[in-house]
Structures are given as structure tokens and as C-alpha cells.
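I am keeping these notes while I look through one structure. Each entry records what I looked up and what I found.

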Amino acid sequence: MKIVVIGGTGLIGTKLVNSLRKIGHEVVAASPRSGVNTITGEGLATALAGAQVVVDVANSPSWEDKAVLDFFETSGRNLLAAEAAAGVGHHIALSVVGTERLLASGYFRAKMAQETLIKASPVPYTIVRATQFFEFVGAIAQSATEGQTVRLSPALIQPIVSDDVAAALVQVVIGTPLNGTVELAGPEPIRLDELVRQFLSANKDARKVTTDVDALYYGIKLNDQSLTPGDNPRLGPTHFADWLSRSRPQS
Ligand SMILES: NC(=O)c1ccc[n+]([C@@H]2O[C@H](COP(=O)([O-])OP(=O)(O)OC[C@H]3O[C@@H](n4cnc5c(N)ncnc54)[C@H](OP(=O)(O)O)[C@@H]3O)[C@@H](O)[C@H]2O)c1
């Protein structure tokens, strides 16, 4: 198949492009760096010509409320219109588990807008909602840091490693459009404060985690359902502890 990966130079995109090429597909790694821009439309029609599947794993360069909403709305509109014109048979997008429960954050309002555009488009689709990536835990810690203290909710989270997200996306690419949503999560739930404690300790980071049930996550009040999947998510096999021991700096 000819497959276009929008955001093909990003964390997930790079892994997905490599995996799809390994199993023999013709893959375009599309991003502004390679001359394909879903905001301006540059290079889009040429990249999509003859493509059967498009996977959208792009992300907004800015997470400021208005900027991120503009990004996902404009990108989604341009991309879906170009796909309809090119006769693409399957649009796959990566979104986030719990998006409708996280709308206090501008980022999730933008992801919701992206999903709404996909559902309203005539292009057959599958939305893959993943939980937070292991690689994102450092950013979560940073966003909750004041001085040497990281203030975090003990709400449950069920993160997944990016390799397992890419592997699950390969299965969706070679499958048929669901015109629906699948959820993807790591193998086990863990409390957010504890997750970050383990991350900081493995990285010999001196910051201390303070547990606070009222601590906000990117402006959102969390409970145990906020970030965890519903019934029957697809589970990635990689455990956080194994990833930490593989990725921690050598002393
Ligand atoms: N982080 C998490 O924990 C998490 C959890 C669940 C779902 N997700 C979702 O996963 C997706 C991918 O995240 P990621 O961390 O892999 O992203 P990333 O590493 O930040 O990569 C973003 C990609 O988007 C591309 N891009 C930016 N502007 C573009 C434009 N105008 N046109 C086309 N491509 C553009 C970038 O291209 P350049 O390299 O050329 O700039 C890059 O390839 C996001 O949609 C995110 O919402 C993330």
C-alpha cells in the first residue's frame, strides 16, 4: 500500500514509518521538514496522490489554547479535504484516552475538535486514543514543578511506551476502517504521583514529589477515571519499570 504518515518525523511518526517500510509498504514521511504542511496545504495533494491510507500523528508546535485549537482545526480540515479529493480509503488519527473528560484544558478541546472533524468527514476512519507515553512523564513532572517540589495528584494513569503505540498503529493501518474509536494503554495502572517518583528516582533527579489530591494536571482536576481507559483497551506489553531500567542514564 501507499501510506502517508502526517507527522512522520515525530516521536511516533518516525517509528511508524520505519515499521511500515520494514513490512514492504510505500511510506511517505510527511511533515514541514519534508515539504508537506497541513496548515498551509503545501505539498499535500502531491503526497496524497495514489495513497490508500493516511495516518495523522502530527502535533501542534504550540500548546497555547488558541494556537493549538487553530492547529488541529485547520490541519484537520485541510487534510480531510485533500484525502477526500485523492480518494483515500482510511484516515487514522492518534488522539488521547479520556479526551472528553479533560476539556478544562485547551489542548484537549483541540483534540476533541480534531476528532469531531474526522467523524463528520466522508473519509472512512479509525481514531486511536492512547494514554500518555512513557516519554511524556518527564514533561508531566516539569509542568508540576515549583522549585524542588513536584505537586501531583495520586489519580490513576496507565501510560504506554511509544514503541507499543507505533506497533498498535501498524495493526490499525493493515486492518479495515472501524469508523469508530479504539483505546490503547500500557499493561498496568499506576498512581500519577508514584509514576513520577519512580521516574525522578531512576534519573537521579533531586526533586521531591508531594501528593495533593487537588493538584491540577494541565489545569484539570483528576479522578481515577480521568486518564485511564474504559473496557477492553488494547494493551501494550512494555512495563514502565523495564523501560526505566533500559533508558536511565548510566552512572
Ligand atoms: N504525548 C503523549 O503522551 C500522547 C498521548 C496520546 C496521544 N498523543 C498524540 O500523539 C500524536 C503524536 O505525538 P508525538 O509526541 O509523536 O508528536 P511530536 O514528536 O511532537 O511530532 C510532531 C510531528 O508533527 C509534525 N508537524 C508539526 N506541524 C505540522 C504541519 N503543519 N504539517 C504537518 N506536520 C506537522 C512535526 O513535523 P516537523 O518535525 O517537520 O516539525 C512532527 O513530525 C499527537 O497528536 C498527540 O496528541 C500524545
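**Entry 1: helix α4.** I began at the start of α4, where a side-chain oxygen of S105 comes within 3.1 Å of the backbone nitrogen of Y107. I note here that the model is predicted.

Next I checked the length of α4. The helix has 15 residues, and at 1.5 Å a residue they should span 21 Å.

I then asked which residues of α4 are buried. They are G106, Y107, F108, A110, K111, A113, Q114, E115 and I118. I noted that charged residues, K111 and E115, are on this list. The elements that cover the buried residues of α4 include β3 (53-56), α3, β4, β5 (125-130) and β13 (220-221).

**Entry 2: the largest pocket.** I looked up the volume of the largest pocket and found about 830 Å³. Its lining is made of 40 residues, and those nearest the centre are V57, A58, N59, W63 and Y107.

At least two residues each come from α1 (11-22), α3 (65-86), β4 (90-96) and α4 (106-120). Sorted by class, I recorded 22 nonpolar, 13 polar and five charged residues in the lining.

**Entry 3: T126.** I found T126 in strand β5. Is T126 buried or exposed? Its relative accessible area is 1%, and buried means under 20%, so T126 is buried.

I listed what T126 touches, leaving out residues up to four places away in sequence. The list is H90, H91, I92, A93, V172, T176, P177, L178, G180 and V182. I also looked at V173, which is 47 residues from T126 along the chain. The C-alpha atoms of T126 and V173 are 9.2 Å apart.

**Entry 4: S162.** S162 belongs to helix α6 (residues 162-174). Its relative accessible area is 0%, which is under the 20% limit, so I wrote it down as buried.

With neighbours within four places in sequence set aside, S162 contacts L11, I12, K15 and E135. With E135 there is a polar contact between the two side chains, at 2.6 Å.

**Entry 5: helix α7.** Last, I looked up the buried residues of α7 (residues 192-202). They are L192, D193, L195, V196, F199, L200 and A202. After α7 comes K204, and I noted that its phi is positive, near 50°.

Methods: Residues are numbered from 1 along each chain as its sequence is written. This is a predicted model: local features need pLDDT of at least 70, side-chain atom pairs count only at pLDDT 80 or more; totals for chains, interfaces and linings use all residues. Side-chain values use heavy atoms; hydrogens and water are left out. On a 1 Å grid over the protein atoms alone, a cavity is a set of points where a 1.4 Å probe fits but cannot get out, and a pocket is an open set with protein on both sides within 12 Å along at least five of seven lines; lining residues have an atom within 4 Å of a point. Grid points are joined across faces, edges and corners, and a volume is the space filled by probe spheres set on the points. Helices (H or I, at least four residues) and strands (E, at least two) are DSSP runs, numbered from the N terminus. The expected span of a helix is 1.5 Å times one less than its number of residues. Buried means under 20% relative accessible area, exposed over 50%, partly exposed in between (1.4 Å probe, protein chains only). Contact means heavy atoms within 4.5 Å. A polar contact is a pair of N or O atoms within 3.5 Å; within protein, one must be able to donate a hydrogen and the other to accept it, and residues adjacent in sequence count only if both atoms are side-chain atoms.
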